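This briefing goes through a few local features of one protein model. Please keep the sequence and the structure open while reading.

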Amino acid sequence: MADKLVADKHLRYILNLMAEKKKESFESVVMDHLRMNGAYWGLTTLALLDKLGSVSEDEVVSWVMTCQHESGGFAGNTGHDPHVLYTLSAVQILALFDKLNILDVEKVSNYIAGLQNEDGSFSGDIWGEVDTRFSYIAICCLSILKCLDKINVKKAVDYIVSCKNLDGGFGCSPGAESHAGQIFCCVGALAITGNLHRVDKDLLGWWLCERQDYESGGLNGRPEKLPDVCYSWWVLSSLIMIDRVHWIEKAKLVKFILDSQDMDNGGISDRPSYTVDIFHTYFGVAGLSLLEYPGVKTIDPAYALPVHVINRILFTK
């Protein structure tokens with residue numbers, strides 16, 4: 001059982017992944033189409049550990065820009081198709097390095113705004129899949145770019161609220177079951193647009209705090225599911241945004257995250273003794289940030305970027 005964050009091991013684990021030392025590995029092949037997301041997870045982890053300077057800024061930024069499509073959107077890797085998911089990760093990566101100035105903001109924001117549907121929802125790309133994840137992504141990205149006026153915010157908010165359920169949670173579409181990941185997306189979008197008053201905070205807070213497993217201290221995404229480190233982010237961030245984080249046992253959750261580390265080779269897994277990956281490494285460290293763990297920089301619960309990055313973007317001209 002672990003009693004501390006092995007930050008140096010996680011640094012080495014991430015740098016090895018980013019250097020692509022195992023280009024033919026299973027992980028590398030299956031992640032080829034979403035490498036932009038992986039880069040965001042790894043780089044943001046480094047930023048939270050105050051180690052972003054360990055990577056070559058020029059190399060990362062140059063690669064990100066090779067993934068931009070003529071439509072203005074970004075793909076998950078060079079030569080792939082654009083999607084709003086990867087567009088947000090690209091913008092977040094550039095924000096980490098204070099390089100938003102190299103973007104053609106008009107082009108990127110028009111791409112995102114063009115994905116809004118008549119009912120206020122958002123499609124993920126030209127193929128039309130609709131999901132409240134995409135509503136959050138569009139709102140978050142446009143807010144970072146200071147272009148929220150490009151969309152119909154009222155319609156976007158009303159659509160998100162239409163996905164609220166009787167248990168206080170939110171689903172991926174109207175009538176879909178509540179899920180912690182979708183709840184983060186909906187609450188995050190409502191927080192960014194100043195509409196948290198549309199959330200039943202006590203009802204939702206109760207649903208979210210019930211996600212904590214009494215024995216392990218970990219959080220799950222829905223009733224009767226196993227606890228998973230990634231929900232340390234999805235659940236905690238939502239609880240913080242609605243001011244109900246004091247309803248869970250923080251110390252037990254910290255222990256669950258620390259116990260999910262690979263103490264020898266670095267990285268964090270979904271639960272203790274499982275295989276590590278970059279996704280859970282990021283969300284584990286982000287969860288520790290939300291829990292105010294020593295040595296981890298503070299992350300913004302709505303924007304999923306370090307607070308100092310968001311302050312630099314939103315509060316400077």
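Helices here are DSSP runs of H or I with at least four residues, numbered from the N terminus. The model is predicted. The points below cover one glutamine and its surroundings, the cysteines, and the packing of some helices.

- Gln182 lies in helix α9, which spans residues 180-192.
- Is Gln182 buried or exposed? Gln182 has a relative accessible area of 12%, and the cut-off for buried is under 20%, so Gln182 counts as buried.
- The Gln182 side chain has a polar contact, at 3.1 Å, with the side chain of Asp131.
- Apart from neighbours within four places in sequence, the residues in contact with Gln182 are Asp131, Thr132 and Arg133, together with Phe170, Gly171 and Cys172.

**Cysteines**

- How many disulfides does the model have? The count is 0, where a disulfide would need a pair of cysteine sulfur atoms within 2.5 Å.
- For Cys172, the nearest cysteine sulfur belongs to Cys163 and is 7.7 Å away, so Cys172 is in no disulfide.
- Cys172, one of the residues in contact with Gln182, is partly exposed, with a relative accessibility of 29%.
- Cys185 is in no disulfide either; the nearest cysteine sulfur is that of Cys186, at 6.6 Å.
- Cys185 is buried, and its relative accessible area is 6%.

**Helix α4**

- Which residues of helix α4 (residues 57-66) are buried? They are Val60, Val61 and Val64.
- Viewed down the axis of α4, these buried residues fall within an arc of 95°, and therefore line one face of the helix.
- An α-helix has 3.6 residues a turn, so residues three or four places apart point the same way.
- Asp58 and Glu59 are exposed, and they sit on the face of α4 turned away from its buried side.
- The cover over the buried residues of α4 includes α3 (35-48) and α5 (84-96).

**Helices α3 and α13**

- Besides its part in covering α4, α3 crosses helix α13 (residues 278-290) at roughly 35°, and the two axes come within 9 Å.
- The crossing of α3 and α13 is left-handed.
- On the α3 side, the contact is made by Gly38, Tyr40, Trp41, Gly42, Thr44, Thr45 and Leu48.
- On the α13 side, the contact is made by Ile278, Phe279, Thr281, Tyr282, Phe283, Val285, Ala286 and Ser289.

How values were computed: Residues numbered from 1 in each chain as written. Predicted model: local features only at pLDDT ≥ 70, side-chain atom pairs only at ≥ 80, totals over all residues. Heavy atoms only, no water. Helix = DSSP H or I, 4+ residues; strand = E, 2+ residues; numbered from the N terminus. Buried < 20%, exposed > 50% of the residue type's maximum accessible area, 1.4 Å probe, protein only. Polar contact = N/O pair within 3.5 Å; in protein donor to acceptor, adjacent residues only side chain to side chain. Contact = heavy atoms within 4.5 Å. Arc of directions from axis to C-beta. Axes fitted to C-alpha atoms, helices over the stretch in contact; angles between N-to-C directions. Left-handed = near helix turned anticlockwise from the far one by under 90°.
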